[in-house]
Amino acid sequence: MNNTHIFKRISLFAAALSLLMSFSALSKEYKVILIHGLQVSQLTNRAASDVVNDGQSYWQSYWVNRADERIDWPAYERIEGKITTDWVWPKLQQISRSNLCEPGCVFVTHSTGDLVARYIIDNQENWLANAGLQPLNIIATFDLAGAGGGSELADLAVSTLTGASWNFAVDAALTWWLGSEVNEAVGVLHDLKVNNARRIAPLPDARTPRLRFVADGNAYLGLTAGFLRGNDDSVVATHSSCGASSVNSFGSCSTNIDTNGRLKSQGDAVNSFMPYHYPLMMTNSYSHNEIQQAQRQGNVTIAMNNIMVAGDTLGFETVDETTGSWFWKKQYRYVKDSDNLSASALIYNVIP
């Protein structure tokens, strides 16, 4: 077989795979809309930013071909400012006019996208109705490593970049998170400060379930963990990603399951959540920037399970495992198939 025939077969296979992935998104009962998180490159080089292409690239690893729409936004602006007026509002009008969400839409967010989604949920019905348009039928959000409760790293960055005291540990943490080229506290960094984030649309009228998927893995050589309260995914602490109603040093979203899946009483677990926030998945195998990717990093477990969403029961099948015996006996609970599927694949599979 010559190279031309090989190339043609590869091309046909790629086209078929792309078609299959596109059909997969269309075959869902509800439409999937992506809202990405912080794009650090837009802070370091605003002039060269391409918000739409950046949004496409952000989800390239897994989600981009499984979604029906995206809401892209620039990191160098504020949520209650130009992120909404120049980016979110035009996209909401477009989605409304297309009737995309008539059967229902699910937002899939990552990181700061969680906070953007909360602001949309609190306001979109009034905005669109006042414009003579049909409000979006948002069934639920799937929030991966959600930063809706802010991040202590943003407090640190804003403080440092506006002239507060500096030391080696602070510099190392911010360099790993933001990169050495960030020299000005701008845009969404201010919104991500813990107190600021928790003041943005904290009690939306819409009773939209916020389903949480929590990472607890280590990245950045552990340099950022010392600035985050309790357990963390190297960018946001558990109080934020679980959707806790208050800021504290929490270790788990569940009172009886650790983030590694071990069945054991958790004295430092979140015990009160923001309205309609339900943590489904937890994992200490994935860090903040891994949970939305296509690669499998390790097993995942549950916090809550079988949540009612628009008449559907959403949850995961689980399997229990036991290690050791006698005093060394430990029991673990894992999501079924997490031994071979990525967190993203498991999450996508439970979207109705």
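A cavity here is a set of points, on a 1 Å grid over the protein atoms alone, where a 1.4 Å probe fits but cannot get out. The largest cavity of this predicted model holds about 60 Å³ of space, where a volume is the space filled by probe spheres set on the points, with grid points joined across faces, edges and corners.

Residues are numbered from 1 along each chain as its sequence is written, and side-chain values use heavy atoms, with hydrogens and water left out. As this is a predicted model, local features need pLDDT of at least 70 and side-chain atom pairs count only at pLDDT 80 or more, while totals for chains, interfaces and linings use all residues.

**Cavity and pocket**

- With the threshold set at 30 Å³ or more, the count comes to one cavity.
- Which residues line the largest cavity? They are I121, P204, A206, T208, R210, P275, Y276 and H277; a lining residue has an atom within 4 Å of a point.
- That lining divides into five nonpolar, two polar and one charged. Ala, Val, Leu, Ile, Met, Phe, Trp, Tyr, Cys and Pro count as nonpolar, Asp, Glu, Lys and Arg as charged, and the others, Gly among them, as polar.
- A pocket, by contrast, is an open set of points with protein on both sides within 12 Å along at least five of seven lines. The largest pocket has a volume of about 210 Å³.
- Of the 17 residues lining the largest pocket, L38, V40, W177, H288 and N289 lie nearest its centre. The pocket lining has ten nonpolar residues, seven polar and no charged.

**The sheet**

- Seven strands form an open sheet in the order β2-β1-β3-β4-β5-β6-β7, and the pairing is mixed. Strands (E, at least two residues) and helices (H or I, at least four) are DSSP runs numbered from the N terminus, and two strands pair if DSSP finds at least two bridges between them.
- At the edges sit β2 (69-71) and β7 (301-302), each of which pairs on one side only.
- β3 and β4 run parallel and are joined by six bridges; H110 has L144 of β4 as its bridge partner.
- L144 also stands opposite F213 in β5, and β4 and β5 pair in the parallel sense over four bridges.
- Six bridges, again in the parallel sense, link β5 with β6, where R212 stands opposite P279.
- β6 (residues 277-283) and β7 run antiparallel, with two bridges between them; M282 faces T301 of β7 there.

**Buried strands**

- Why is β4 described as largely enclosed by the rest of the structure? It is because seven of its seven residues are buried, meaning under 20% relative accessible area, whereas exposed means over 50% and partly exposed lies in between (1.4 Å probe, protein chains only).
- β5 is mostly covered too, with six of its six residues buried.
- In a regular strand the side chains alternate between the two faces of the sheet. In β5, R210, R212 and V214 point one way, and L211, F213 and A215 the other.

- Helix α5 (residues 113-130) lies across β1, β2, β3, β4 and β5, at about 145 degrees to β3.
- Helix α6 (residues 152-161) has seven of its ten residues buried: E152, L153, A154, L156, A157, V158 and T160.
- The buried residues of α6 pack against α7 (168-178), α8 (188-191), α9 (194-199) and α10 (238-241).
- After α6 comes G163, with a positive phi near 105 degrees.

**Two residues to look up**

- S240 is in helix α10 and counts as buried, at 1% relative accessibility.
- Leaving aside neighbours within four places in sequence, S240 is in contact with G146, A147, G148, G149, G150, R198 and R212.
- R199 and G149 are 50 residues apart along the chain, and 9.1 Å separates their C-alpha atoms.

Terms used:
Contact = heavy atoms within 4.5 Å. Axes fitted to C-alpha atoms, helices over the stretch in contact; angles between N-to-C directions.
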